[in-house]
Amino acid sequence: MTTDLKSEKAFVVGWTGACGEDLSKELARRDIFREVVLVGRRKVELEQDDPRQKFQQAVVDFEKLEESSEVFVGCGVGFCLLGTTPREAGAEKFVKVDYDYIMAVARLARQSGCKQFHLVSSVGANEKSVILYNRIKGKVENETTALEFDQLFIYRPGLLLRGDKTRLVEKFYAAMLKPVTVFRPKVGQISREDVAKCIVAKLLGASAERENKVQLLDNAMMHVAASSLEG
């Protein structure tokens, strides 16, 4: 992976979600890549002053993603922040989005020459778990690792603080954590902004960590990475 990111092309899948929105804005603000492709199901009309206006939007059908394989050609770096929950989408749709779609992205990216892949997973990911959510997250982690990217970064955030995009179940768990987080706000949870900052921090430091092909960052490690980002 070249150390000169300014000569690289990258893609972001899941850029309209909470973390994806903040990541795409951070990439635009810092002007890191030569070109960035925002991949989604529909075109989004951005405000005139949105820094992401300079990015290309690629509209794809995730059910037939192979028909849009050209989107990933030439992208040396990829970011995948797709995700829903069984409670929000139902079990069948959850598996389709969080397994079928994500693995289709990862495979096409690898086939197209992507060398560095960033995957947002979740705390508790474990392919052997009896909990569907954790099991699918773990399965995706394992199968993405098996694709053997030159560098793979897997992020396992705790409870996501999404601001105005917070899900009902997340509000419930945030309330449950309140007795702890009121004194230790970084325990078990992380803001969407810090998820984005963490990813950018790992991206900018990746050239110095080339020997470490797979990095798995838990919630605490993500906070450390986010706080290390300057600017």
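The questions and answers below concern a predicted model.

Trainee: How many helices and strands does the secondary structure of the chain come to?
Mentor: The chain has 231 residues, of which 49% count as buried. Among contacts between residues at least 6 apart in sequence, 74% join residues at least 24 apart. The secondary structure comes to seven helices and nine strands.

Trainee: In what order do the strands of the open sheet stand, and which strands are at its edges?
Mentor: Seven strands form the open sheet, with parallel pairing, in the order 3-2-1-4-5-6-9.

Trainee: Which residue of strand 2 is the bridge partner of A10?
Mentor: Strand 1 (residues 9–13) is mostly covered, with five of its five residues buried. K9, F11 and V13 point one way from this strand, and A10 and V12 the other way. Strand 1 pairs with strand 2 (residues 35–40) in the parallel sense over five bridges. Within strand 2, the bridge partner of A10 is V36.

Trainee: Which residue in strand 6 does V120 stand opposite?
Mentor: Strand 5 (residues 116–120) and strand 6 (residues 151–155) run parallel and are joined by five bridges. In strand 6, the residue opposite V120 is Y155.

Trainee: At about what angle does helix 7 run to strand 9?
Mentor: Helix 7 (residues 219–228) lies across strand 6 and strand 9. The angle of helix 7 to strand 9 is about 100°.

Trainee: Are helix 3 and helix 4 roughly parallel or roughly antiparallel to each other?
Mentor: Helix 3 (residues 91–111) and helix 4 (residues 132–146) pack with their axes 10 Å apart, at an angle of about 10°. Angles under 35 degrees count as roughly parallel. The two helices are therefore roughly parallel.

Trainee: Which residues make that contact, and how many of them are nonpolar?
Mentor: Helix 3 contributes residues including F94, V95, Y99, I102 and M103, while helix 4 contributes, among others, L132, Y133, I136 and V140. By class, the contact has five charged residues, one polar residue and, as the number requested, eleven nonpolar residues.

Trainee: To how many disulfides does the count come?
Mentor: C80 is buried, with a relative accessible area of 1%, and C198 is buried at 0%. The criterion is a pair of cysteine sulfur atoms within 2.5 Å. By this rule the count of disulfides comes to zero.

How values were computed: Residues numbered from 1 in each chain as written. Predicted model: local features only at pLDDT ≥ 70, side-chain atom pairs only at ≥ 80, totals over all residues. Heavy atoms only, no water. Axes fitted to C-alpha atoms, helices over the stretch in contact; angles between N-to-C directions. Helix = DSSP H or I, 4+ residues; strand = E, 2+ residues; numbered from the N terminus. Parallel < 35°, antiparallel > 145°, perpendicular 65-115°, else oblique. Contact = heavy atoms within 4.5 Å. Nonpolar A, V, L, I, M, F, W, Y, C, P; charged D, E, K, R; others polar. Buried < 20%, exposed > 50% of the residue type's maximum accessible area, 1.4 Å probe, protein only. Pairing = 2+ DSSP bridges.
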